[in-house]
Amino acid sequence: MKQKRFILQESQIPTQWYNILADMPVKPMPPLNPATKQPLKAEDLFPVFAEECCRQEFDQTNAWIDIPEEVLDMYKYYRPTPLVRAYALEKAIDTPARIYFKNESVSPLGSHKINSALAQCYYCKREGTTNVTTETGAGQWGAALSYAARAFGLEAAVYQVKISLRQKPYRSMLMRTFGAEVTGSPSMSTRAGKDIITRDPAHQGSLGTAISEAVELAAATPHCKYTLGSVLGHVTLHQTVIGLEAERQMEMAGEMPDVVIACFGGGSNFGGTAFPFMRHNFRDGARTEYVAAEPASCPKLTRGKFCYDFGDEAGYTPLLPMFTLGHGFKPANIHAGGLRYHGAGAIVSQLLKDGMMRAVDIAQTEAFSAGLLFARTEGIVPAPESCHAIAAAVDEAVKCRERGEGKVILFNLSGHGLVDMTAYEQYLNGDLADYTVTDDEIRKSVGKLAGLN
Ligand SMILES: *Cc1c(COP(=O)(O)O)cnc(C)c1O
């Protein structure tokens, strides 16, 4: 009988995260203080993030970082997650490729985000923090953070992108169910929010506005730290449990992937999935390929510029080296698929620049079409974000059919879409249109960064 699911034991949950910075021959450029343009040190970020997260962010020597016992105990609620061979999807595509997916949708929160939320909240608690703030778009990160805060006895305040709060009301209810306070961003509760609303009263919010508000609240409140759902190195570090488990599971299946695919918002699920495999490219000469799948409506990797930019709309964060569309970039409101952040994490940006990976952009109707095929074959409704990875995997599998090539494809199913059914409804009703950003929009938005570089 063919084996479909590859399941590890609880005792096989990785006990260390993998820090790719230690193995990268070319390190990312450092974050800069925007006022002095001098490189930052870990201590400079202590007022904002948990100190341990800051140290992880700057650690370029230790390839392996111990996962604290308390975090491992929480991982046991839902890890290890299954690796699944997508036989039915392969059959539907009629491809000789062998397609596997790592199923992060089985976590009680429905996505990979909880892997880092637990770690960040644990470090905050250990360091004496009582309150945490954060931003969220579709609400996956906000929901994970709200639950993790509750698990470690912290109060959570979440700024959710206004348009997402309206389009996806169930996630704010989830966050409130776990006890978090949820505010639509931009709001009148912060200086940054007021400024943004003053400039643009109809602003529908972006991750950039929500980050500004959450950072401002954390900076202004004693014993309160900010937490982030993606982009930064330490968040990606925590997500490497995905790839480390997947590596052992691929061994169980007796294969190694030729191509590893993940969707791309800020880079944490991509890095978490890909980096443990990429260490073999760095260390052992492996030839595995890596593909990040981003939405055509927010195409920072495929069409953005590599330069220093702020991580948020108000310019509160350090300057980060990234492929970016500009921190003022506003993704089209018709885009239902998530992944709307304007920039890419510094590590991934460097890897893309160095040719260690590639990126593809996916139109939203193509993403949902692939999501539907996946749902109808594998029986799981994927998150709209994950649909981008599925679309890229289907593309690869179709190419394999055309070339008669039996590649092994691995993608990360970053989450399920059961709270995103309005997006599916729009798609099924034929109400979703594709939106491609014009070169002019990108040029204008990126042009505003000239003074920062
Ligand atoms: C947040 C999210 C993503 C994007 O992940 P990044 O780490 O920001 O790239 C992808 N899929 C799901 C389900 C998400 O919730």
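Of the 453 residues in the chain, 62% are buried (under 20% relative accessible area with a 1.4 Å probe, protein chains only). The model is predicted, so that local features need pLDDT of at least 70 and side-chain atom pairs count only at pLDDT 80 or more, while totals for chains, interfaces and linings use all residues. Residues are numbered from 1 along each chain as its sequence is written, and side-chain values use heavy atoms, with hydrogens and water left out.

Along its principal axes the C-alpha trace spans about 60 × 50 × 45 Å. Of the contacts (heavy atoms within 4.5 Å) between residues at least 6 apart in sequence, 77% join residues at least 24 apart.

The structure holds 14 aromatic pairs (rings of Phe, Tyr and Trp, the last by its six-membered ring, with centres within 6.5 Å; planes under 30 degrees apart count as stacked, over 60 as edge-to-face and the rest as tilted). One of them, F101 with F374, is edge-to-face, at 5.1 Å centre to centre and 75° between the planes. Because F101 lies in strand β5 and F374 in helix α14, this pair ties together parts 273 residues apart in sequence (helices are DSSP runs of H or I of at least four residues, strands runs of E of at least two, numbered from the N terminus). F101 also pairs with F411, stacked at 5.6 Å and 20°.

Definitions and conventions
Buried means under 20% relative accessible area, exposed over 50%, partly exposed in between (1.4 Å probe, protein chains only).
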